[in-house]
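User: I have a structure to go through today. Could you help me read it?
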Amino acid sequence: MQLTVAQLTDCLVASYAETGGINHLDGTNLPSKRAVTLIAMDLLRLLFPGFFDEKLMHSSKIKTETAALLASVLEAIETEIRKSLEYHPPAGVAHKDLRGLAHTLTVEFLASLPRVRELLQTDTEAAYNGDPAALSPEEVIVAYPSVEAVAVQRLAHELYLKQVPLIPRIMTEWAHTRTGMDLHPGAKIGTHFFVDHCTGTVVGETTEIGNHVKMYQGVGLVARSLSAGQKLRGQKRHPTLQDRVTIYAGATIMGGDTVVGEGSTIGANVFLTASVPPHSLVIQEAANVKVMSKKDRER
């Protein structure tokens, strides 16, 4: 016997009651993932005028168009920040004051955009100078996924520092799905950061990355163990990379007390759980690779 729509509805609603996972019924909704995604896209347009637009940007209209876009973003993100604060109110802040706090945080966040742009200029420079395949800085901005992922992380990091719940992680996970690079909004990243190819890269919440750091695809900057779960919240769990460190593809560096000294190079596929001094070269000994004829193999 086929179930009717009414019966299917009853079954699904019953599962809501049993397992939860519903966005705050009869109360304040959580931030909208779709709204945060649209905000992130508009923020990229503000950071890189003309690169994320389908129409030409005319210098005579840039101030007018920027003002209009800023006004739209301000209203949209203030709404989502207010939802976030209502979901997880800051200690000592009354509910009636959350709307005003949301507005203040939004304006402060938007005021940080020029500084974020300065940082991204160094990232673009690092990507162009570090990749002989790059034709121009413009190509780096419009075509390199790592630049987009880092841009979103730097934006999300500003909100993370202001202790805005939910939105920073929504932003970086959106970038993760687009680029394949998983950068937690809590990670501290210095200037001139470049991840070539970037797919499969993971950078954990308490990671600290110095200036002029270059990494390749598949690098993991991760915690040594998460078996303690929530008891580890707030602790330094992820490694520190000092200035001018290079990490090649597939390397994994673990632990909050692991420090890679400045000027060091970590070779491909290295599994590192201990600190190394400045100007170190860390490599994995070559595995035994045997080359034989297919005919010999079949005998």
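User: Which residues are buried in α8?
Analyst: This is a predicted model, in which local features need pLDDT of at least 70, side-chain atom pairs count only at pLDDT 80 or more, and totals for chains, interfaces and linings use all residues. Residues are numbered from 1 along each chain as its sequence is written, and side-chain values use heavy atoms, without hydrogens and water. In α8, the buried residues are Ile167, Pro168, Ile170, Met171, Thr172, Trp174, Ala175 and Thr179. Buried means under 20% relative accessible area, exposed over 50%, and partly exposed in between (1.4 Å probe, protein chains only). Helices (H or I, at least four residues) and strands (E, at least two) are DSSP runs, numbered from the N terminus.
User: What covers the buried residues of α8?
Analyst: The cover includes α2 (33-47), α3 (62-87), α7 (145-161) and β1, where contact means heavy atoms within 4.5 Å.
User: And what comes just after α8?
Analyst: Glycine 180 follows, with a positive phi of about 80 degrees.
User: Now the sheet: what is the order of the five strands?
Analyst: The open sheet runs β1-β4-β7-β10-β13, with parallel pairing. Two strands pair if DSSP finds at least two bridges between them.
User: Why is one side of β1 and of β13 left without a neighbour?
Analyst: β1 (182-183) and β13 (271-272) stand at the edges of the sheet, so each has a single partner strand.
User: Which residue stands opposite valine 202?
Analyst: Glycine 220 in β7 does. Strands β4 (residues 202-203) and β7 (residues 220-222) pair in the parallel sense over two bridges.
User: Lastly, where is leucine 12?
Analyst: Leucine 12 lies in helix α1 (residues 5-19) and is partly exposed, with a relative accessible area of 46%.
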